[in-house]
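Today I want to look up who touches whom here.

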Number of protein chains: 2
Amino acid sequence: MEGHRERKKVRTRRALLEAAVRLFSERGYEQTTVAEIAAAADVAPRTFFAYFASKEDVIFLHADDRGQTMLDVIAGRKPGEPLSALLSRMFEALVRSLAEDDELDFALSPLRARLMFAEPALRARGLTLMMEAQPRVAEALCEVYPELDPVSAGAAVGSFMGALAVAGLVAQQQGGSNEDVLTAGRRGIEIAVNGLSSLDGS
Amino acid sequence: MEGHRERKKVRTRRALLEAAVRLFSERGYEQTTVAEIAAAADVAPRTFFAYFASKEDVIFLHADDRGQTMLDVIAGRKPGEPLSALLSRMFEALVRSLAEDDELDFALSPLRARLMFAEPALRARGLTLMMEAQPRVAEALCEVYPELDPVSAGAAVGSFMGALAVAGLVAQQQGGSNEDVLTAGRRGIEIAVNGLSSLDGS
DNA sequence: TGCGAAATTGCAATGTACGTATAAACGCAG
DNA sequence: CTGCGTTTATACGTACATTGCAATTTCGCA
């Protein structure tokens, strides 16, 4: 990890990352071109693609990590731990991994999180990634809960993630802060765990 | 609605639609260019965008209808009908509306459905559209269930749709028939209604 | 210092999407 | 049936993301 070369690479990566998030926040995602990001980071436009596979990748670079976080929590099921408890633990682990996140970043994680919810193109990408991850998560669940059939596991994961996501989305669209979104996510999980019938006592 | 003009427009639209679905099926979505679709329909490339806002729109033209179906079911809440019952009714209405679908199309609905599942780009788009519709559905729920707060409504919709979608997706990925997918969807709803804690009794 | 590997860059090409202006087709009144 | 206004189709041009390829620069190290 030593060497001028490595340090320079890291610096360039950070410069691109910072420039991108700043520009996205200032003028919006669609209104920012890769050329502008490169210019702000003082590299050639072509170089951007040496660091990020696409414009979206600047934001979703760590998406895999969060999937891995979920798989890790599942693999670490405590003896006899019920499904609902495990999933709640999974949510907290996700929040924690989101809060840390930064390896290359610094104070721009909150900005990034806001962008993910606020920009339609990025939101779409995030939801898609989430969806694609769910069958894998369901499969992992099946392994630690042998009595669970695949379809039920999928339903459980989908119900959990869907409640979480849409509750958060609604909170965000109502102008809530990041904290509000988080609280909404917890509320969503609570409802998913207790079941929609728990809302019937209208 | 009479006139040479209108008929020609409809014919061109169908020609583009048919050409697009056929080419997508033959060579794949990404491997087909708008220029090729236009050529196959014997119009200028630019004309394609006079009929469809984007390449994806060829496939997702009726996406709005299904959202409307959901809103209609909600608006028609029977007196005192509990949330969980309404949502179950919504699912059946969705299945029905999916089976009908065609207005401008003809026998290409099955092809279109297959493409939506098979092509990653289109699958992503479909999931995204579903997600984007959910806040509106949640809002509609709030109107007929005044005691429901927006976040809880969002959680309910998300839990419902998520369970449905992922259960179906898992069934589909396991090579299930359309019938199997449908059954899985029903199972997903059941789990969402009863809550994830109902799976705890492992 | 100088060689080889790695990083950076420039250039061209492809493809989606959109704006604009021009030409063609149409419907209708006179 | 002829000319006019409207709608449609088309050609041309632009912006931008993305990729391949080749030239070039920079770096690490002998």
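First, a term I need: a polar contact is a pair of N or O atoms within 3.5 Å; within protein, one must be able to donate a hydrogen and the other to accept it, and residues adjacent in sequence count only if both atoms are side-chain atoms. With that rule I get 15 residue pairs in polar contact between chain B and chain A, both residues at pLDDT 80 or more.

A note on the ground rules: this is a predicted model, where local features need pLDDT of at least 70, side-chain atom pairs count only at pLDDT 80 or more, and totals for chains, interfaces and linings use all residues. Residues are numbered from 1 along each chain as its sequence is written, and hydrogens and water are left out of side-chain values, which use heavy atoms.

Next I checked salt bridges (a side-chain nitrogen of Lys or Arg within 4 Å of a carboxyl oxygen of Asp or Glu). The rule finds two across the interface of chain B and chain A. In one salt bridge, E132(B) pairs with R123(A), and their closest N and O atoms are 3.4 Å apart.

How many residues are in contact (heavy atoms within 4.5 Å)? I found 49 in chain B against 48 in chain A.

Then I turned to the DNA. The side chain of T47(A) has an N or O atom 2.4 Å from a phosphate oxygen of DNA strand C. R46(B) goes for a base instead: a polar side-chain atom lies 2.4 Å from a base oxygen of DNA strand C.

Terms used
Chains lettered and ligands numbered in written order. Contact = heavy atoms within 4.5 Å.
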